[in-house]
Amino acid sequence: MSLVFSRPNTNAIGKKDKRLMAEVNASPLKHFVTAKKKINGIFEQLGAYIKESSSFLEDTHKNDALDPVTTEEQVQEVRAYLSKVAGIGEVLARRHMKVVFFGRTSNGKSSVINAMLCDKVLPSGIGHTTNCFLRVEGTDGNESFLLTEGSEERKSIKTVNQLAHALHQDEDLDAGSLVCVMWPKAKCALLRDDLVLVDSPGIDVTTELDSWIDKFCLDADVFVLVANSESTLMQTEKSFFHKVNERLSSPNIFILNNRWDASASEPEYMEEVRRQHMERCSTFLVEELGVVDRVQANDRIFFVSAKEVLQARVQKAQGMPEAGGALAEGFQARMFEFQNFERRFEECISQSAVKTKFEQHTVRAKQISEALRLIMDSVHVAAQEQRIHCLETREDRTDRMEFIDKQLDLLTVDSKTKIRKITEEVERQVSNAMAEEIRRLFVLVDDFHMDFHPSPVVLKVYKNELHRHIEEGLGRNMSERCSTAITATLQTTQTQMIDGLKPLLPGPVREQVDKLVPRQCFSLSYDLACDKLCSDFQEDIGFHFSLGWTMLVNRFLGPKNTRRALMGYSDQVPRPMALTPVSTSMPPFPQSSMTQEELMVSMVTGLASLTSRTSMGIVVVGGVVWKAVGWRLIALSVGLYGLLYVYERMTWTTRAKERAFKRQFVDYASEKLQLIVSYTGSNCSHQVQQELAGTFAQLCQQVDVTRQNLEDDITDMNSKIELLDSLQSKAKLLRNKAGWLDSELNMFTQQYLHQGR
């Protein structure tokens, strides 16, 4: 519940103050009533304010979203203030003005009280009529009753006789007991203004004066000593008030010389007796007790006849003349004296009660409001400092995020450039290395050793192992040529990327970046797939005489030109139609893979065609040769030709077939591998690109995490700043409320506590 202090209306307050001052002027006791009402209102507002402050501090202290702006001690302190102010409020609600009447037995204490109440409330008469302390207090009901000490039973009383009877019938009552007489406020105007009157037994009937003081006098605002004007002040009366003066600081004491109507019988001695009583009473108050000075003493000593005043006021209440009946001469003067006493008494007790009942609590309230103001001021300052820190943090996070975005854009462009250059260099290195390895393929093939046999089954196994050997060897040689340099370049580039992005990461992450971005041992994969690449290799390990027609044409024209020439001649020879259907599942046979038999047929056919056209030329040439060299040289040449054929035929062993197989395979594989040089280089460069791009992506992921953390921090700072703004405004409002309460207390102090100064 929020405590709202509205600005008071000046005109309304002016009218209200005039009305209150009119009431005070009408009856000085109203001063206490209005002061009590005012201080109770202030304490109600103070209690509501402390409750609001306590709730605010507890909520703020429990808020985990904020750094501490309040302490547990402050929360406990304000919570303690709440209970203290509630207790003070209860005490203030029960506060009233208290006057205690003392005197010797039969001096007329009860009569004075009855006269002040304008009614016969307490029993009075000759002798010991008051056997205990009687507290007369107003009640809002219409019925009068009495309450005995230690009991809540209400004993109904309607007349003074019933009251006297009830007091004498109670055997448990002694001189130190207290009986509360609750009298309707409607019957007595004096009781309507929070005034309590206490009647006491005669101070000459007991020796327990100290216990009386402790029990009934410490909270009294005014003491009235009712003396007998027919005698002087007794030592018993003086001794009692000396004890009171020792226990209380400057008690307010009035002395009533009662039964002054007896002086009417001796008017010639009246002034002298009055002067003697005045001198002795003044000396007692001024010199012995020291509670007033000589001037003030004149307003504390009065000569009255309580019995006459009571009788006159009862008659007036019954509609009869005040001065009717058997009243001694000088009644009006004594009546005026009693009224003057009542006026001075009301002025004294109202000012004294306000001071004694409210001053201490007012000071305490000012201390509490000042303490709360300081607490709220400290909360306001702490919230302001934390808000400034949050603003600086938000600005720092924003600048940091902008820096990260700019740097990341620059590093991204730089990294892409580096990756492109490295991949191009890798592609070039791998292509050059592979071209060199293809030129040295024969060395790798010669290093392959396995049992060779021209049978199809053995050849199939031989090819598979040779494919595997070549793939492993090429991969190993390529790795030795390229992998070390490429890996070093790769790791250097990765290190440069990490070093470039490290400044964008927070401190703890920088130290752990090597763990967060794992760099595995990178190795290039050269997937040559020789088995698939050379799957259509067809070896030719049949015997071919080196001086045969096919070999001679092949030697002079080359394999391709030989096939092209021979195929040109074969086109002129008609081919018979195939008698058996060709399977559609078989792949088409290429013309370049013509069998040896077909080649020989083509050569013979071509030769026959040639000799048929130039037979005459050959005969002429042969005859010329025969004529020139002779038959012996021709025979020798034919013999050598035959010996060479026999030699080559005999040396065409399995090892020679293997050499021919390897030679053919080297030529075929080199041609095929040349086709994938560019692909292999691109594949390796792609691997390097993927590795570097993956490393950069992981680093960027860490940067993104850092950036997200910065965004979260900025969002948290915005929430904190908004919360701190609200908290700061609330603390400022509560601080101002404490100042307002302090001003209210100062106004109360000035208006009620310092009024008489």
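Helices (H or I, at least four residues) and strands (E, at least two) are DSSP runs, numbered from the N terminus. This is a predicted model, in which local features need pLDDT of at least 70 and side-chain atom pairs count only at pLDDT 80 or more, while totals for chains, interfaces and linings use all residues. Residues are numbered from 1 along each chain as its sequence is written, and side-chain values use heavy atoms, with hydrogens and water left out.

Start with the whole chain. Colour by secondary structure to see 21 helices and nine strands. Of the 757 residues, 42% count as buried, meaning under 20% relative accessible area with a 1.4 Å probe and protein chains only; exposed is over 50%, and partly exposed is in between. Contact means heavy atoms within 4.5 Å. Among contacts between residues at least 6 apart in sequence, 82% join residues at least 24 apart.

Next, select helix H11, residues 331-439, and find Glu402 in it. Glu402 counts as partly exposed because its relative accessibility is 44%. Patch residues have over 30% relative accessible area and no salt bridge, with like charges joined within 9 Å and nonpolar side chains (Val, Leu, Ile, Met, Phe, Trp, Tyr) within 5 Å. A salt bridge is a side-chain nitrogen of Lys or Arg within 4 Å of a carboxyl oxygen of Asp or Glu.

Last, select helix H19, residues 631-651, which holds Leu643. Leu643 has a relative accessible area of 58%, so it is exposed. Leu633, Leu636, Leu640 and Leu643 make a nonpolar surface patch of about 400 Å².

How values were computed:
Accessible areas come from the Shrake-Rupley method with a 1.4 Å probe; for residues, only the protein chains shown count as cover.
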